[in-house]
Each structure stands twice: as structure tokens, then as C-alpha cells.
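Here are a few friendly notes on charged side chains, for you to read with the model open. Please have a look at it first.

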Number of protein chains: 2
Amino acid sequence: MKKIDGGITAAAGFLAAGLNAGIKGTEKKDMAMVYSEVPCTAAGVFTTNVVKAAPVKWDKNVVDTAPFVQAIVVNSGVANACTGEEGYQYCVDMASQAGQALGVPTDAVLVASTGVIGRQLPMDKIKPGIQALSKALGASREDAAQAAQAIMTTDTKPKEVALEIEIDGKKAVVSGMCKGSGMIHPNMATMLCFVVTDAAISHEMLQKALSSIVVDTFNMISVDGDTSTNDSVLLLANGRAGNKRIEQEGEDYETFCEALREVMTELSKKIAGDGEGCTCLFEAKVIGAETKEQARILAKSIICSNLTKAAIFGHDANWGRILCAMGYSGASFEPEKVDIYFESKAGKLKIVENGVDTGYSEEKATEILSQEEVTAIADIKMGNEGATAWGCDLTYDYVKINGDYRS
Amino acid sequence: MKKIDGGITAAAGFLAAGLNAGIKGTEKKDMAMVYSEVPCTAAGVFTTNVVKAAPVKWDKNVVDTAPFVQAIVVNSGVANACTGEEGYQYCVDMASQAGQALGVPTDAVLVASTGVIGRQLPMDKIKPGIQALSKALGASREDAAQAAQAIMTTDTKPKEVALEIEIDGKKAVVSGMCKGSGMIHPNMATMLCFVVTDAAISHEMLQKALSSIVVDTFNMISVDGDTSTNDSVLLLANGRAGNKRIEQEGEDYETFCEALREVMTELSKKIAGDGEGCTCLFEAKVIGAETKEQARILAKSIICSNLTKAAIFGHDANWGRILCAMGYSGASFEPEKVDIYFESKAGKLKIVENGVDTGYSEEKATEILSQEEVTAIADIKMGNEGATAWGCDLTYDYVKINGDYRS
């Protein structure tokens, strides 16, 4: 497995484009398209929010029932959520217009939207946007980068990853892009994430891989505890690598899953580390757990605690808030047994031993917590399982971004 | 039922005191005592956090097993949580020292602490503090006010309520005080709250009243989603009103419950409205629900959403965030049926009808949202049940308070 410089077009046969269609009314790009030269198998996981955006409803149906998928069309600026029948029709129109422009069936087109909830899509801008996108499609590094830029909302940087693997003696690539950065608390899915591969793999195995890996990746991040109406991870496989199609578990499936896990972990961390207004990526590792689920609940509770997040912003080793967040998580453990460490590239320090303060150096702790990536490790000494969750600090800028204007 | 000007000493036979014992190292008061001239029945509800502060463990046992209770001793500045065996012993010492000073058994003294987690109590300051408190006890309005001040941490104002009722032809009073204002997300209990009454009521009926009313009062508020290690509501009844002792359900019990509910509701709203850094009390009312529990879950999810709280701070009628928060709450409803209103003393406005925007005036909405108390009403049109939750906006100052120093 080798990390390569590339975005969504790194996998063979995938083209992309991103441009400014005027939806946001700014100079920022706001529409993207991903297209495969050949039909793909597709998998998806979606928000569990009862309030589902129109494209989430459309995509669920496409992934479950369409014979193949060949394109994704995306807009940022407007979420197309809480927009009623009218909004759903606009979503179908997007798929249909993209299908016509690309010469593929309407139900071979997945749709994704992100932005303000409750506003209708400006179809007078979307339609010409789709036409222009279909003509601008390309396979270059730059085409991928433009698509990754076009799906951003309050994100400060585009988020792309590409990995090269070997399956059945053939070179294959798994590559993807995603966007955050507020209303991030995925539950069985995440904000918009698009992953493609040129590996050949059946729809069933693709969905199985995605559904199992999302549990330890996108479902383990949180920026603000708000589970979006639009969370979607879409995964397309076009088979251009030429490997024997993966149709069951085995070595090839494991190799593919390992790469997919790596891509999704990297993208998850990029979302958490670029959370709205944040200054650092905050990682919580729980070790010594009896079960993986117990470790997941505890790790996620730590990175979701507003008080802990504010302390991380202040570079304050306020470990009481971490233990408190573990305590109300719903998972059982013995507080009197817990050890807590802080770690970053500035070092590692034991802060708590058996539930009480170690008398650590506050100065050293502050140094460790002043880095761009900081980790809290909690050892609950009950077993050998572990889990990791990713979040970010809570800052003035989070409040500013979400209080000052409608995002 | 009549509201009267008074604090914890408004009920007959209750004395109080508050003073500066030097725990915080500032000029602020940091210790309080409440004492009843005669033995009381007592009830309590406590945090469900697995990590429980030492006084929570002590008080649970006292409430369940002691024959009577006669005093409460409280300190702010240090939470006495995550302090191990040593911390528990200090808690018992506090009860024992207060008991000696007041001439009552150790197990007739309840203890409460609030402040920084993980630090040991400065017993060299606590002990003289207890001596001084026992001599300073008084029944005046000012004595109550000083006690209410002494239990504050980041609270900006003391929180007191007193109500006069008639039970069995006798005048009785229910009065209380409490403190917030961060780490507020009570679960079956709350931050420190002390309610007293001179009504005569058995331990069983007192606990029953408290446990049932806490569900719709303290358990319906949240400042930051963090359930504290120290949450405690303590309720003492000394019988000085001279009514026939309440020992079963009936008219007298209902009258008492009505007053207790009113006192606890007022105190809950005072905590939410004085949440760390907040500029307004944010109330969420869910109506038209099938069940009360469904309404509670939805209302609480609204006031807990960081994105909604930041929008309220920005006076932005960003209703998509409200519907989104309802959607991920775990309660079922049909988004397509929901109406949403904003209301304050500046008026009432329908923002959403049947799940979509009404085309309301943004100007009017901003005016409504610029008041010190704002309410969001969601009508889910499924039945006749309802619930109300109280929170506050998310501001720069919340981050400042919790990022800048160890609180």
C-alpha cells in the first residue's frame, strides 16, 4: 500500500471537474462532477437523521436499485434539505440533466448537496453549471483538485487522499475527497465524502466494506455534535484495474478493505482537523477496554465534550473534564483505575494514575497541548480492546462562523 | 400559591450563612451552610455520571439511610471529584466537623462541593470556615443571600426562589437556591440545588415528589451538554408549618408538588439563563407530540445543538438547524408536518409550515431573537402532549471562560 499524490481522478477511468456556477454569489467554486468512463458498482452510507435532504433520499434508492452508477453531481451553497416536494423534484432534475449531458441513464447519476438548509436550489444556475461541468471533465491532478475545492463550504482546505495497492497482481487505486466542516457528528455516515476505485468489486462486497469501515472512521469524528441532514459517503468501483472481480471475502477483499480503511481514516482526520474555527486536531484514544464498542463510546464522548474542547483550545491539561466526559458517556468503567496521558510531537506525559492527579508538570503539559495535533490517551485497564476518535478544539471562531451569518 | 421575596431562609426554622473561607484565593465567598432548628426529612437526586464526586457518594448514603438530616455544608472552588480515598475522607471530615459545631450527628449533615475537578480540598481553610459558618447562621433575607452567593462559581448572579402555599389550612413555604453555570447537562439530577420547606412530609413522599419533578425541570436544561460529576438536588422538610404530615398522595401532596415544581422550574430557568458566557435564555417548546417523552427528547435536542445555540447568539432565524437537531434526537416524527415559531416579548412569528419556509420577514425574526428570553416552538402535529427545555446561546465568552483558565 503506497500513498500517492492524487485526488478523486487518481483511480483509472475517473474524470472530474469543479467550477463556479454562481450558486454562492461569490467567486468560490460551487459545483463539481465525478464521472467514470465505464459503469461502476456503487455503495453508500447516509445520515440517520430523520430529516433527510432530497439527494440523500435519491441516492439511497439509486445505490440500492440501479443496475450501475456512472456519475456524481454535487453542489455547495444550498443543502436542498427541508425543501419539500419542490426540492426533491430539483434533485431529480439535477440527475436527469447530468445524465443527458453525459449520455447515461438518470438513475446512474448520484446527487449531493451541501450548504444552507431550507432554501431552494437556484435551478437557473444549476442547469448551465451541469452543462459546463460535463464539458470540463478531465483526469488530471488539477481537475481533481478543482472538484475538491468546489464541494467546500466553511472548510479552509480541500481534502483529498489517494492510495495505490496491488490486488490479484494488478495495480489498483483507491482515492477520495470529502468536505466538512460544521454540523459534523456523523451517525452511520458522514458529511459529503466521495471515494472511487478502479478495482473490480461487486456491489455487495463494496457495500459490506464501506458499512463496516465507516464505524471506525467517519462515525468516530465530531466537530460539534450536530448530525447533518446531508451526510453521505459514496463509493464507486469501475473495475479498470483489471483484477479478478472481488465477489467474496478473502485476501483480495482484505487488501481492498485495508486501503479503503486508510483512505477513510485519513479523510476523517482531515475533516476533524479542519472543523469550523478549530486550531488543532484533537484525538482521543481509549485503550485497555473490555470491548471495542465500550472503547468507541468513551473515545467519542471525550472528543464531543464542549468543556474538554474549550480546554484544548486553551492548552489547559484540564483532565477532570476528560474523566467527566467518560463518566457520562453511558459506558461502564471504574474511574479509580483510569490512567490518562497527553501526547503530541512535543512528548508524552502521564497526567492521571488510578483516577488521581500524578502531580505532573503543568508547563510540560501546556507545551504538549500547544501542537497542531494532540492526543489524549485513557487506559481503563479492563481488557485489550481500543478505539480512536477525532475531534477538534472549540474556539471563538466556531461561534463567530455560526453566529455571524447563515452558513 | 404566592411568590415571596426570599431565599433559602424563607421557610420557617431554616438558618443560613455564607462567607469567604479563602478556598478560591479571591475576595469571593466560597462556603455556605444551611441549618434547620429541628430535624428534617430529606430527599435527593444525584448525577448519573459514573464519575461521582465524594460528596455525591456521601449524600446518597445519608439520604437513603440516616434517620434525619439537619444541615448542609457547601464549598465552591474545588469539586472534590476524582480525588480518591483522600478526597472522600475530607468529605466525611466536613460532615463531622459541621456536626460537632452544630451539635448534630455526622450523618445528619449533607455535604456539597463545586469547582475544579481533581484537586484536593484545602482542609486548613475548610475547618475554620465551618466554625465561622456555624456562628454566623441567621434567618434573615441577607443571610440567605450570602449563602446563595457563596455557592457560585462562574455564575454571574445568585439564584433564589421562595413560594408561599397553604397546606391543610396552614401557611407553608418552599424555598431554594442553586448554582450553575458550566458543565450543565443534568441527567436525573442537576448542579447544586438546595430546596427547603417547612411543610411536614414523610421521607418517602418527599423523595417521590423530587424524583418526579426533576424530570421536567432540572433534567430539561443544558448549558453545554456536559453532565457534571457533582450534580445534586437536596430537599429538606422540617415540618414547622404545622400541617398534618403528608404521608400519601392526595390534595395536600398535590399542593406541595405544585409549589415544588414551580420553585424547581424557576431555579432551572435561572441556571439556563445564566449559563456560562450566555446572553439569553433559550427556551424550546415542543407541542402536538404523541407522548411526553417524545416531546422531552425533541425539546432537549434543540437546546443542546451547538449550531442552533450559535445561531441564537447571532439573532439568526436559522430554523434548518432546529429541524436538523430534532431529526437526530432519536425521537420519531414527520419533518413534512412540522411548524416552527419564534416567540419573545417582541412578538411571535411562524417561520416554518409543514416542514418548509413560510417566507417570513427576516427583520421581524431578528427583532424577536434579540431579546433576553427567546422561545422556539415546534408543533409536530401528532397528538396533544408537550414539553419545554431551557438552554442558552453559545458565545465567545463560553469559549473564553472555559479556554482561558481552569474553571
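Is Lys159(A) buried or exposed?

1. Lys159(A) is buried, having a relative accessible area of 1%; buried means under 20% relative accessible area, exposed over 50%, and partly exposed in between (1.4 Å probe, protein chains only). (A salt bridge is a side-chain nitrogen of Lys or Arg within 4 Å of a carboxyl oxygen of Asp or Glu.)

2. A word on the basis: this is a predicted model, where local features need pLDDT of at least 70, side-chain atom pairs count only at pLDDT 80 or more, and totals for chains, interfaces and linings use all residues. Side-chain values use heavy atoms, leaving out hydrogens and water, and residues are numbered from 1 along each chain as its sequence is written.

3. Next, Asp216(A) and Arg261(A) form a salt bridge, with 3.7 Å between the closest N and O atoms. Asp216(A) is in the loop between α5 (203-214) and β9 (232-237) of chain A and Arg261(A) is in helix α6 (residues 251-273), so this pair ties together parts 45 residues apart in sequence. Helices (H or I, at least four residues) and strands (E, at least two) are DSSP runs, numbered from the N terminus. Asp216(A) counts as buried at 15%, while Arg261(A) is partly exposed at 37%.

4. In chain B, Lys364(B) and Glu367(B) meet in a salt bridge (3.5 Å, N to O). They sit three residues apart in helix α10 (residues 362-369), about one helical turn.

How values were computed
Chains are lettered from A and ligands numbered from 1 in the order in which they are written.
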